[in-house]
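Colleague: Could you walk me through the charged pairs in this one?
Modeller: Gladly, here it is.

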Number of protein chains: 2
Amino acid sequence: MSYTTESPQKAINTGRAEAEAGFVQLIEALTCVGLATEVRHGDPGSLLIFVKTASADLLGQQVYRGRLQDWLQGVRTSGPNSDIAKVLDDEPVTEAERLRLVYQLIINPENDGGAGINQASPKWKFVADIFPLHDQPFNRAWIQKWTKKYLLDESDLDDIRNKFGESVAFYFAYLRSYFMFLTFPAAVGLIAWMSLGQFSIVYALTCGLWSVVLLEYWKKKEVDLAVQWGVRGVSAIQLSRAEYKWDYEAEDPVTGEPVKVYPYKKRLQTQLLQIPFTMACVLVLGGLVVFANSLEIFINQVYDGPGKQYLGFVPTIILVVFTPTFSTVLMKAANALTDKENYSTLDAHKAALIQKQFVLNFMTSYMALFFTGFVYIPFGDILLPFLDFWRRTAQTLTFSEKPLPTQDFRIDPKRISAQMFYFTVTAQVVNFATEVIVPYVKHKASATAKQFQSRGTHAQDHPEEAEFLKRVRDECGLEIYDVTDDYREMVMQFGYLCLFSVAWPLAACFFLINNWVELRSDGLKIAISCKRPIPWRSDSIGPWLDAIGFLSWLGSITSAAIVYLCRGAQNGHRGTTSQIAAWGLLLSVFFAENIYLLTQQLVRFVMNKVESPGLQRERRERFLMKKKLLAENLGQKVTPKAAVPGVEAGEKITRETLEEEARELSRRGHGTPQDVFWQRQRGMKDTIAIGRRMIEQQMTSDHKSSSPPKPSPKA
Amino acid sequence: MSYTTESPQKAINTGRAEAEAGFVQLIEALTCVGLATEVRHGDPGSLLIFVKTASADLLGQQVYRGRLQDWLQGVRTSGPNSDIAKVLDDEPVTEAERLRLVYQLIINPENDGGAGINQASPKWKFVADIFPLHDQPFNRAWIQKWTKKYLLDESDLDDIRNKFGESVAFYFAYLRSYFMFLTFPAAVGLIAWMSLGQFSIVYALTCGLWSVVLLEYWKKKEVDLAVQWGVRGVSAIQLSRAEYKWDYEAEDPVTGEPVKVYPYKKRLQTQLLQIPFTMACVLVLGGLVVFANSLEIFINQVYDGPGKQYLGFVPTIILVVFTPTFSTVLMKAANALTDKENYSTLDAHKAALIQKQFVLNFMTSYMALFFTGFVYIPFGDILLPFLDFWRRTAQTLTFSEKPLPTQDFRIDPKRISAQMFYFTVTAQVVNFATEVIVPYVKHKASATAKQFQSRGTHAQDHPEEAEFLKRVRDECGLEIYDVTDDYREMVMQFGYLCLFSVAWPLAACFFLINNWVELRSDGLKIAISCKRPIPWRSDSIGPWLDAIGFLSWLGSITSAAIVYLCRGAQNGHRGTTSQIAAWGLLLSVFFAENIYLLTQQLVRFVMNKVESPGLQRERRERFLMKKKLLAENLGQKVTPKAAVPGVEAGEKITRETLEEEARELSRRGHGTPQDVFWQRQRGMKDTIAIGRRMIEQQMTSDHKSSSPPKPSPKA
């Protein structure tokens, strides 16, 4: 069992009275919603408050309430049993569900049954963080298990879901599917690299098709998993943002409850600022890349003077220094812009932020490759004035009279491979280090420092608790896990593959290796170097799906363009702009895009033929639930079949009714012409007898007039 | 009230005994399912059998059963009340629902509670047709009302729905929306025609944007209407095809009932034949158009000899003779192919057939314009060898020594306008005539002829029924209404607008006029010149939506291409192929397509912001239904709110539980370390007291060591 912990931060200078009052308020609020508390010393200047539900009954009620809400919102197919004990028996509570419910109990506003502890409000400024504790035996077993097997299976995903919630589990599920899919481009890439070389059309087509299949497969898989985990539709139940400012209240059209409204038009006006923001990103980061890359080309390929080996580092240093600087500034702008857009739900806020970050990441990740693939290799000559600018600048800077020593500028098609190698191998290794090793070392160091500082402070710990409390203080110092970063990394990797791998088909092989490690290092990160995440639910990978779709589509265009532009350059007859026929480029791009769109339709069509097992299960559940409900409510009185009269019943009804109608008629006189019409033949036997006579009449009259058999006018 | 009628056809030569046996069998089958029957003389050689439900109870049961099935299948949000009388009170039966249920009672197989009267089976070969009778007072009022108002309103659509079913109502709803949308391109087109002329970029962009908005609007509207009419999801309840052949039976994964399976692979193999079919259509019909058009160009623009005025009709005659001939043959192939594809449901069969017909219609409707827009105007010169072929052929045919009198070939950019005028005005007028006037005249003539033939035959009619029976015999001779033809006409019209109207912006104006008439003439057609249709349900315009989407997308490409190709030609500097830069064409097409796709995304995004009132209503209904169910099942015992303890309850639970736990512990000894941990502070007061002491300790120790206020490591 693990506990939810809070550590109210106590700032020394605010005075003891205020700190105490805050503390008392906190404990009271927690107790009010039925949580038991324990307090211990934290690191100097802080307390640890441990929280658990006071009783199993209370937890049961929370579970019942949560599942009832889910059913009302359409997430569950059937409402929970009214007997709470049976609810827990029917579907046991997972650790993730329990932790989520307790966390929501703490943070939900008071009118929603929670303790209303919102860290953003000044009332709770002493609350530093609220997080669940790690389940260390599980974590240890988990990591050990993963290092021993090549592939994760579905049960591993279920484990993650039960411990860390669906939001994290979806990341691992996507990573797993992506990893398995990667084997295909890796194999094709290896063959292409050995036999077809760079810029192969076959590889480009295969890779495009692959990305379409992956995307469509994942869309299905996502729904399946959501049904399996019972979270389908959960994204519609959105958590409200504490920072949201509304203009007025209105009635929710569905539930009839009051909702807070911020006019859409006002938000749209703010959203329009995204256009200048995107332009700023493109100009600043794109300019930086063009600047650094052309300088690098000048130094490496034109300049031939002294200090060349040292000067070669200058562009790299410029990039390393300015990219993060500019990114940070732009990221701040993105955050401010998103805050100003004032979304009502956490999901919408997050999606809007991710969208802006994606623009930033897109520029920093792909701009250099775009420059090489679309400017340097095909149109190297248009760089000449640029290079000349550098030559003149260098000349001016060196104040020397004699011309700068230069060599002839020759375009090197291998440049794009080298860059791809850098982005796909070097950068990923560096990334692994900064993501896992650095935080771990940093944390260990700071923990040691803290231990040194606070030596003796925790002497009052009960000896049997000492080890546990040490672990908890340790966890307090860990970073917060954000699955967004992991998604971003994988999506940008997918982008390299779709957009540029045609220039270096080995990319997928390295990604395959990287992701084998990534899958494990991400696990390790959650288990060791981060606080245990709040096990939020989700029913898809959210905004990343759009990002993947966009990259896959853009890949169809860039791959075709790179193949067309660079094949010529590679074969030696690279040359001036005019030599590359613009119509050829446009034709390949146009065809590539339309082949892509057509393939997408086809793949969707074929995939839709196969009903997803998850949806099928859901429909089956709904159907059975309704049947059960029907049986319960109506008993055996009216079933669908029984509503249809059998032969005898039908006969009886007809007879009885007709007789009754006749009696009715004789009482009322002749009735309407209609009643008279339906009274002419009383019952089946009359109709048959009269019909027989009519057939006879018609036959004899036909024979009499000896007309030939007429074709029917109604045939 | 109207009745369902059947007229079993009696072939003279099959013998009286067989006819009589068939008649008796039919009456027995109808009576068995609870239908009352009356028989009357039909036209010579046929009987009329009138059918109605024997009692209101039986009808009620059928309605109940139908609605229950709908609920089980997810079409209705709530199951019907178990009290049948109340079911009819809550939601009265419309005429369409009643007629549909009675029709289904007649045709459904016996194991499904129906009479099993399937016209395709040899057992019921005497049944010529089964159809409901027109409601003449309604029809008369309906037509009168429409001729007096400019626009239909929603209540008119509801009338159609209540009388003719949702399937027909959806056609009129689409036509109404389309008609209202048409005012926009009509206005823009008129302005463009007056001020911008042919091939205006502004007009092309406006028209493209318009088609996107129409499409996305209709997608929303469709869902709204389906919810309003209570048929959303009805397309999932599919009517099985009587002709379907299955290989084996399997269990339905959802309902658990047996389903008949035809392996998907086998069908796919047949479906692949669609590729050669499409190629055949393109070759045969495309070849015909190229043949006739080039001949026409030769005669009108090159040939200058005797008989020119008569020869000019030759190409038209060729087209008029061969287009229907070839279409009929290809249509037969399409029918055979679709039959061979062996679909299990009527909907799938119909959709597959419509798809193939669409290919045919596409070729016959647009090929001539494609030829003019993409070959004749921009690349007229490549026609020269073709024209020379005609010259040589003509020379050979005339056996004359002296060269054929010719004039210089000059390309006429007005040709496309003339063609557009033909297709949009002449063809629509002709179509109106063949669709409404010809059938009406034909029917009147044949009715007169019949009356003449059968004079005296119906002398036995009861005088008060004579008029009614005459009307019924009249209706027997009418054609069957198929909404598909009407859809096709509107979709092809939409295609002219999207694909080619840039060449003649007035098109939309004429379409607007035409559709004002069309809306009324289609109403007239249903009311006067066709049998009353079976009021089938549907929840969308089905496969036509895809067709509209395809035409709208293709329009973005063709419009851009026409603008680019023909602007030059129009301005006089038309010339050889090389003068038109291929890259310019490709660039405009590429941009146009991507602007189209981007606009589509944007429009979708914006439209999704506005939740459709229909969906909202549906969600609200579901929500209220669940709340009601909850209240009924659980009473006031457990409501979501009550599950959260208030302040007192929470306190009490905590106290009680803790005390109980303590007692439990003392009984069992010390318990686990965890139990011990949670026992240290008993209740809120303990925690507060101990926490206060800890705060005090930390403050004093801080002051003693006089360290400066540390920033929190967790900040």
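**Charged pairs**

Modeller: R67(A) is buried, at a relative accessible area of 2%, where buried means under 20%, exposed over 50% and partly exposed in between (1.4 Å probe, protein chains only). This is a predicted model, in which local features need pLDDT of at least 70, side-chain atom pairs count only at pLDDT 80 or more, and totals for chains, interfaces and linings use all residues. Residues are numbered from 1 along each chain as its sequence is written, chains are lettered from A and ligands numbered from 1 in the order in which they are written, and side-chain values use heavy atoms, with hydrogens and water left out.

Colleague: Which residue forms a salt bridge with R67(A)?
Modeller: E97(A) does, with the closest N and O atoms 3.0 Å apart; a salt bridge is a side-chain nitrogen of Lys or Arg within 4 Å of a carboxyl oxygen of Asp or Glu. E97(A) counts as buried too, at 12% relative accessibility.

Colleague: How many salt bridges over all chains?
Modeller: The count comes to 59. One of them joins the side chains of R40(A) and E465(A) at 2.8 Å, N to O. R40(A) lies in strand β2 and E465(A) in helix α16, so this pair ties together parts 425 residues apart in sequence (helices, H or I, at least four residues, and strands, E, at least two, are DSSP runs numbered from the N terminus).

Colleague: Switching topic, is K145(A) buried or partly exposed?
Modeller: K145(A) is partly exposed at 34%, and a network of salt bridges links K145(A), K149(A), D153(A), D156(A) and D159(A).
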